[in-house]
Amino acid sequence: MAPTPAHAIADHDVPHDHEGEQVILGVDTHADAHVAAVITVLGVLLGTRSFPATAAGYAALLDWARGHGRLQRAGVEGTSSHGTALSRHLRRAGVHVIEVNRPDRASRRRRGKTDAVDAENAARAVLAGQATAVAKTSDGVVEMIRMFKIAKDSAVKARTQTINQLRAVLARAEPTLCESLSGLGLAALVRRCADLPEERAHDLDGAATTVLRMLARRIQALAEEIRSHQQHLTAIISTCAPKLLQRPGIGPDTAAALLITAGDNPDRLNSEAAFAALCGVNPIEASSGKTARHRLNRGGDRRSNSALYTVVLTRLGRDQRTRDYAQRRTAEGKSKKEIIRCLKRYVAREVFPIIREALSPAQTSSATA
C-alpha cells in the first residue's frame, strides 16, 4: 500500500513534562516517508508525525522523538526493507531497535488502518513485549553478501529467460538457419549465434538472425556478470567465514544464504535452536489429547531452508558419514523425507557456532579492515 502523503497526516503532539521520562518510538516505514509515533511507558500517546525518508528526515525524526523524553527503544516495521536505513541511523544514535511485524487482521479490523495507527501499534508492541526480536544491523559483511547475492540471482534469472527466448526464436526461424545451428550444445549455440553476421531486418531470415545475435550477446554479458558476482561472493565469504566453506557440501551460494539469514549480529539468536527455527528446520509440537507428535515446520526463511536441503543432498551423494546415517535410519523405518528433515536440523546445529564465531565483532572488524 502506498504511504499516506505527508501533508495528509495530521501532526499530533501532546504537551507534557518530559524531563527524564522514558518514551518509546514506533515507526511505520514506506519508500518515500516514514510515520512516527511516541508513547510513554504508561501507554499515553504523545505525538505522531511524518518525516521524509532522507538523511535529513531521519535526523529530524530522532530529534523530534527525543524532544518528548528519554528515548531508548524503538519499534520499526520493515527493518529489512524500507526501514533498513532508518534502523541503522537509530542504532548509531544509541537507540535499541526492535523489529515489529504487521499487526494481525483482527486488530486492524477493530482499530482501522492508517499509517499513524500502524506507527502507534509498533510502539505499543514494544511496550507490551509482543515485539522482542532485535533487528538485523545490516551494516557489515553480511549486507555486502546480500547485495552481491541479489544481483547474482537476478542475473541468473535474466540469463535463463534470455536462453528460453533464444530457443523460442530459433524454433520459429527458417529451416536453413535452424539446420546450420542444429546439434550444438548451449555454449556452442550461444557462441555461434553471437557471431552471426549483421544483416538488415528486411525479411524473416534477417530479423531472426539479428534477434539471435543480440540475445546471444546478452547471454554472454549476463554470464560474465554472474562470474563477477560469484568471485566477489567467494572472496568475501572466504575472508569472513572460511571455516563455513570447509564443511562438506557447503559452497559460496549455500554459505551466503545461511549468513544472510543469521545477519550481521547473530548474537540476537540465543541458541542454535533459534537459528534452526529461523531456517524452518525445527520440529513443531503438534500434540493433542493422548496423541504426542511433532510436525514439519513450514515457516522460517525458505532460502536458508533450501540451502540446507542442498547441503544435505550433496552430502548424501558424497559424504560417507551422511550416507551411513541415512542407511541406519532407513533400517529403523524412517522415510527419506524424515531422514532429510533430521539431517537439515543437524546441519543447522553444525553451522551455527561457525557462523556466530565468524560474525563476531572482533572477526568482522578484522575482515573488513
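Thr-209 counts as buried, at 3% relative accessibility, where buried means under 20% relative accessible area, computed with a 1.4 Å probe on protein chains only. The model is a predicted one, in which local features need pLDDT of at least 70, side-chain atom pairs count only at pLDDT 80 or more, and totals for chains, interfaces and linings use all residues. Residues are numbered from 1 along each chain as its sequence is written, and side-chain values use heavy atoms, with hydrogens and water left out.

Thr-209 is found in helix 8; helices (H or I, at least four residues) and strands (E, at least two) are DSSP runs numbered from the N terminus. Leaving out residues up to four places away in sequence, Thr-209 touches Leu-177, Leu-196, Pro-197 and Glu-199, contact being defined as heavy atoms within 4.5 Å. In the protein chain, the secondary structure comes to 15 helices and eight strands. Of its 369 residues, 41% count as buried. Among contacts between residues at least 6 apart in sequence, 63% join residues at least 24 apart.

Lys-152 lies in helix 5. Its contacts, not counting residues up to four places away in sequence, are with Ile-226, His-229, Gln-230, Leu-233 and Asp-253. Lys-152 and Gln-230 are 78 residues apart in sequence, yet their C-alpha atoms are 7.2 Å apart in space.

The largest nonpolar core contains 38 residues; such a core is a set of buried Ala, Val, Leu, Ile, Met, Phe, Trp, Tyr and Cys residues joined through side-chain atoms within 4.5 Å. Ile-145, Leu-244, Leu-259, Phe-275, Leu-308, Val-351 and Ile-355 touch the most other members. Two or more residues are given to this core by each of helix 5, helix 8 (204-240), helix 10, helix 11, helix 12, helix 13 (320-331) and helix 14 (336-358). Helix 14 supplies the largest share, eleven residues. Beyond its neighbours within four places in sequence, Ile-145 is in contact with Leu-233, Ile-236, Ile-237, Cys-240, Ala-256, Leu-259 and Ile-260. Apart from this core lies another, of 20 residues, with Val-23, Phe-51, Val-95 and Val-97 among them.

The structure holds three aromatic pairs, that is, rings of Phe, Tyr and Trp (its six-membered ring) with centres within 6.5 Å, counted as stacked for planes under 30 degrees apart, edge-to-face for over 60 and tilted for the rest. One of these joins Phe-51 and Trp-64, whose ring centres are 5.6 Å apart and whose planes stand at 55 degrees, so the pair is tilted. Phe-51 belongs to strand 4 (residues 45-52) and Trp-64 to helix 1 (residues 55-66), so the pair ties together parts 13 residues apart in sequence. Both Phe-51 and Trp-64 are buried.

The largest pocket has a volume of about 600 Å³. On a 1 Å grid over the protein atoms alone, a pocket is an open set of points where a 1.4 Å probe fits, with protein on both sides within 12 Å along at least five of seven lines, and lining residues have an atom within 4 Å of a point. The lining comprises 23 residues, of which Lys-136, Ile-260, Thr-261, Leu-278 and Asp-301 lie nearest the centre of the pocket. Helix 10 gives the most to this lining, with five residues.

Note on methods. Points joined across faces, edges and corners; volume = space filled by probe spheres on them. Buried < 20%, exposed > 50% of the residue type's maximum accessible area, 1.4 Å probe, protein only.
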